[in-house]
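Biologist: Could you take me through this model, one question at a time, and show how each answer is reached?

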Amino acid sequence: MRISTFFYTIRQGFKNIFRNKSFSLASIATITACLFMLGVVYAVVLNMQFMVKSAEEGVSVTVFFKEGTDEATFNAIGDEIAKRIEVSKVVPVTPEEAWESFKTDYLGEYADGFTENPLENSGHFEIYLKDVSYQSALVTYLQSIPQVRRVNQSEIVANTLAGFNSLMGYVSVGMIAILLGVSIFLIVNTVTIGISVRKEEISIMKYIGATDFFVRSPFVVEGMLIGLIGAAIPLVLIYFLYVNTVEYITQRFSVLSTLLKFLPVETVMSTLIPVSLGIGVGIGFIGSFITVRKHLHV
């Protein structure tokens with residue numbers, strides 16, 4: 001394609017948008033509405049999953065050892081546990097640290113009456129998981145270690161979080177798939193109708209000897225530009241809506257700050273921007289390309 005033809009195609013694509021304002025506005029509005037709903041659902045689902053994941057990171061398994069377990073064995077077992085695929089991190093707690101924590105939390109000034117550490121045999125590990133669904137397998141392994149005296153686990157909490165996380169995964173995939181399908185259907189039909197009503201214009205261009213490429217290109221460029229504009233508008237709206245909503249919730253419900261943890265807007269938008277632009281431009285291209293192709297044979 002010659003440079004002059006390329007720039008002509010781009011210019012005509014822009015002109016077509018302004019020449020057919022009603023079609024262009026209808027298409028842009030449809031794309032904007034669909035992608036806005038899709039973006040809002042995506043942001044909500046992503047943050048719900050993040051909150052559940054943050055809650056999972058606070059769930060730990062505590063391992064206590066039998067009396068007489070020496071420090072070398074204690075450390076060696078800790079190293080083996082840390083190598084397991086289920087484990088995120090292992091925090092060793094010495095008897096001295098356990099006693100200091102117990103005094104602070106429960107005894108206060110009454111702790112001065114103790115001359116020796118009553119928790120001398122209470123050295124243990126606090127083990128944090130990569131995923132709470134791994135807890136059962138890890139506990140089974142820990143109970144098989146001869147030096148282990150007791151394993152404390154948060155079975156109810158772990159099962160609840162694992163079940164909720166799984167449910168959120170299914171619900172989010174279902175909702176996004178439905179919204180995506182509806183969006184594609186509405187957008188393609190809007191672009192298709194807009195191009196179809198101009199079949200006479202396409203016929204005239206064919207009668208005067210224009211090639212299929214020359215006829216099709218301005219309409220395809222027009223469809224892609226409409227898709228681009230329709231995708232950019234909801235991205236801007238979602239960005240400011242997300243920032244202001246997170247700021248409001250954080251300030252208004254500060255007492256729940258440990259539970260209500262939100263992803264940075266950059267993290268949400270890093271995926272949403274390319275996906276939305278890809279959907280908008282892609283559907284604009286496909287809709288216009290297929291529709292124009294139907295009217296090329298005159």
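Biologist: Is methionine 224 buried, partly exposed or exposed?

Modeller: In this predicted model, methionine 224 sits in helix H8, which covers residues 212–252. Its relative accessible area is 30%. Buried would require under 20% and exposed over 50%, so with 30% methionine 224 counts as partly exposed.

Biologist: Which helix gives the largest share of the nonpolar patch?

Modeller: The patch on the surface is formed by Met224, Phe285, Ile286 and Ile290, which together have about 320 Å² of accessible area. Met224 is found in helix H8, whereas three residues, the largest share of the patch, come from residues 265–294, that is, from helix H9.

Biologist: Is asparagine 47 buried or exposed, and why?

Modeller: Asparagine 47 belongs to helix H2, residues 21–57, and among the residues it touches, leaving aside those up to four places away in sequence, are Lys261, Phe262 and Leu263. Because its relative accessibility is 4% and the limit for buried is under 20%, asparagine 47 counts as buried.

Biologist: With which side chain does the side chain of asparagine 47 make a polar contact?

Modeller: Asparagine 47 touches Tyr242 and Val268, among others. The polar contact, at 3.1 Å, joins the side chain of asparagine 47 to that of tyrosine 242.

Biologist: How many residues are in the largest nonpolar core?

Modeller: Val63, Phe65, Ile81, Ile127 and Leu142 have the most contacts inside this core. Elements giving two or more residues to it include strand S1 (60–65) and helix H3 (71–82). Another core, with Ile17 and Phe23 among its twelve residues, lies apart from it, while the largest core has 16 residues.

How values were computed:
Residues are numbered from 1 along each chain as its sequence is written. This is a predicted model: local features need pLDDT of at least 70, side-chain atom pairs count only at pLDDT 80 or more; totals for chains, interfaces and linings use all residues. Side-chain values use heavy atoms; hydrogens and water are left out. A nonpolar core is a set of buried Ala, Val, Leu, Ile, Met, Phe, Trp, Tyr and Cys residues joined through side-chain atoms within 4.5 Å. Buried means under 20% relative accessible area, exposed over 50%, partly exposed in between (1.4 Å probe, protein chains only). Helices (H or I, at least four residues) and strands (E, at least two) are DSSP runs, numbered from the N terminus. Patches are made of residues with over 30% relative accessible area and no salt bridge: like charges are joined within 9 Å, nonpolar side chains (Val, Leu, Ile, Met, Phe, Trp, Tyr) within 5 Å. Accessible areas come from the Shrake-Rupley method with a 1.4 Å probe; for residues, only the protein chains shown count as cover. A salt bridge is a side-chain nitrogen of Lys or Arg within 4 Å of a carboxyl oxygen of Asp or Glu. A polar contact is a pair of N or O atoms within 3.5 Å; within protein, one must be able to donate a hydrogen and the other to accept it, and residues adjacent in sequence count only if both atoms are side-chain atoms. Contact means heavy atoms within 4.5 Å.
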